[in-house]
Amino acid sequence: MKRLLDNPGKVRRWYLFLGFFAVAFLYGLWELWLAAVVTGSLIGYLFAAIFIGGAIYGVRAMLAEARDLVVSFDADIESGKATIRLWRLFHMKQIDTTLDQITGWHHFVQTGARDERSHFLLAREKSHDGMLRFALEPEMTIPDELRRIAPKAIADFERATGWQEV
């Protein structure tokens, strides 16, 4: 099998965010304890609610974003086998499948703040209940095997990023 897409930077970033959210949650607990036992201050309760609530919201949002984002995609064109890895909180979810089970390939552009654009290949796999998102960067080199698996989606990506003449 050959690694067609790899996204290790996202995994490191998510673990850093988890550490940040854990610190915020613990600080919220500290503020809650101070307000309840030491000061009895209403502002302490407010700070506790903000930090605890913000940490819970942040973790939920991060887990929702990571749910369908592919961390790595390995495939063997000759045998038709593929392995997809998705990040989960304490492990990687691995989907062992065949290439014919991955269908509906298309290019998707997500627009964020300040008109920042993120490019994804979207596809469905029968054993996964969501739409798989394969993150692409405009300057990345697309492997030939991925071009054979999803030719129209790759052509749309290259056209959208200006890497291919229309």
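Please keep in mind along the way that the model is predicted.

A search of the whole structure finds 10 aromatic pairs. In the pair of F47 and F51 the ring centres are 6.4 Å apart and the planes meet at 25°, so this pair is stacked, the limit for that term being under 30 degrees.

Now clear the view and select W14, Y15 and W87, three residues that ring pairs link into a cluster.

From there, move to the strands, and show β5 (residues 102-111) together with β6 (residues 117-125), which pair in the antiparallel sense over eight bridges. One place to look is I102, whose bridge partner in β6 is E125. Then follow the hairpin of β5 and β6 to the five residues between the strands, and pick out R114, which takes a positive phi near 55°.

As a last stop, select F120 and R133 and turn the view until the ring of F120 is seen from the side: R133 lies over the face of this ring, at 5.0 Å from the ring centre.

Notes
Residues are numbered from 1 along each chain as its sequence is written. This is a predicted model: local features need pLDDT of at least 70, side-chain atom pairs count only at pLDDT 80 or more; totals for chains, interfaces and linings use all residues. Side-chain values use heavy atoms; hydrogens and water are left out. Rings of Phe, Tyr and Trp (its six-membered ring) pair if their centres lie within 6.5 Å; planes under 30 degrees apart count as stacked, over 60 as edge-to-face and the rest as tilted. A charge sits over a ring if NZ of Lys or CZ of Arg is within 6 Å of the ring centre and within 35 degrees of the ring normal. Two strands pair if DSSP finds at least two bridges between them. Helices (H or I, at least four residues) and strands (E, at least two) are DSSP runs, numbered from the N terminus.
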